[in-house]
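Please keep the sequence and the model at hand while working through them.

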Amino acid sequence: MPTYDEQLRDLEEQLRHDDPGFAEAMSGGTPRTPREYRRRHAWVWLAVGLAALGTGIAVGHGLLIAAGLVVSGAAAQLFDPQRGRLHGRDIPSAP
């Protein structure tokens, strides 16, 4: 049975492997939001989808409207903090 210190080292190594930027920020004393809660790409894709949707409505182009709806819907899925559970990763619930 591993000791408490060995368990902590294993946990630290797993954290360094999963999110090296977060691990470096924690060791430096300036914590950074974990990868699961950074949603910059989701906001970008949502803005692109809504822009395409708005442009499609303004121009009256059905394919552009459909593409905007699909991209916006896909971007909305990126905001789900529990999406990693489908792939076997245990992601804590958002605060």
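**Exercise 1.** Determine whether the end-to-end distance of α4 agrees with its number of residues, and where its buried residues lie around the axis.

*Solution.* Helices here are DSSP runs of H or I with at least four residues, strands are runs of E with at least two, and both are numbered from the N terminus. The expected span of a helix is 1.5 Å times one less than its number of residues, so the 16 residues of α4 should span 22 Å, which agrees with the 23 Å between its end C-alpha atoms. Next, take burial (buried means under 20% relative accessible area, exposed over 50%, partly exposed in between, with a 1.4 Å probe and protein chains only): G68, S72 and A75 are buried in α4. Seen down the axis, the buried residues of α4 fall within an arc of 65 degrees (taken over the directions from the helix axis to the C-beta atoms), so they line one face of the helix. The face turned away from that buried side carries the exposed residues G62, L63, L69, V70 and Q77. Finally, the buried residues of α4 pack against α3 (40-59), where contact means heavy atoms within 4.5 Å.

The model is predicted, so local features need pLDDT of at least 70 and side-chain atom pairs count only at pLDDT 80 or more, whereas totals for chains, interfaces and linings use all residues. Residues are numbered from 1 along each chain as its sequence is written, and side-chain values use heavy atoms, with hydrogens and water left out.

**Exercise 2.** Carry out the corresponding analysis for α3.

*Solution.* The 20 residues of α3 should span 28 Å at 1.5 Å a residue, and its end C-alpha atoms are 29 Å apart, which agrees. The buried residues of α3 are A42, L46, G49, A52, L53 and G56. These cover an arc of only 130 degrees around the axis, which puts them on the same side of α3. On the other side, R40, W43, A58 and V59 are exposed, while what covers the buried residues includes α4. After α3 comes G60, whose phi is positive, near 80 degrees.

**Exercise 3.** State where confidence is lowest and where it is highest in the chain.

*Solution.* With pLDDT as the predictor's confidence in each residue, from 0 to 100, the chain has a mean of 80, and 76% of its residues reach 70 or more. Confidence is lowest in helix α2 (residues 20-28), at a mean of 76, and highest in helix α4 (residues 62-77), at 93.
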